[in-house]
Amino acid sequence: MIESFTPAIFWDTTISQLDAQKHSGYIIERVLNFGTLDDWELLKKIYPKKRIFSESLKLKNLDQKAVSFLSNYFKISKTKFQCYSPKPSIQEHSPF
């Protein structure tokens, strides 16, 4: 079933060597960062929402758009994600 994802998501990996259970964090991270809506739907067929939730909280390299999406989807604060880092509301200008 993993072979059904958009191939570009795993451009540097041999998809046939991925194990859905053993490499779940890697697969979830790649789909969230680079996948399409169809890939997201397929991800939910492979893993229960609870697993996607728990794995995504631990990921260190999630795109901020993915964090925003998951925050809304699971109705939790962005700060719960290990990869979340708030941006300053006012950026200081360089004196030079």
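A word on the model first. It is predicted, so local features need pLDDT of at least 70 and side-chain atom pairs count only at pLDDT 80 or more, while totals for chains, interfaces and linings use all residues. Residues are numbered from 1 along each chain as its sequence is written, and side-chain values use heavy atoms, with hydrogens and water left out.

Start with the core. The largest nonpolar core has 24 residues. By that I mean buried Ala, Val, Leu, Ile, Met, Phe, Trp, Tyr and Cys residues joined through side-chain atoms within 4.5 Å. Buried is under 20% relative accessible area, exposed over 50%, partly exposed in between, with a 1.4 Å probe and protein chains only. Phe5, Ile27, Leu43 and Leu62 have the most contacts inside this core. Helices H1 (24–34), H2 (37–46) and H4 (64–74) each give two or more residues to it. Helices here are DSSP runs, H or I, of at least four residues, numbered from the N terminus.

Take Leu43. Beyond its neighbours within four places in sequence, Leu43 touches Phe5, Ile27, Ile28, Val31 and Ile52. Contact means heavy atoms within 4.5 Å.

Which residues of H1 and H2 make the contact? From H1, Ile27, Ile28, Val31 and Leu32; from H2, Asp39, Trp40 and Leu43.

Last, Lys65, in helix H4. Buried or exposed? Lys65 is exposed, at 70% relative accessible area. Its C-alpha atom is 8.2 Å from that of Asn33, 32 residues apart along the chain.
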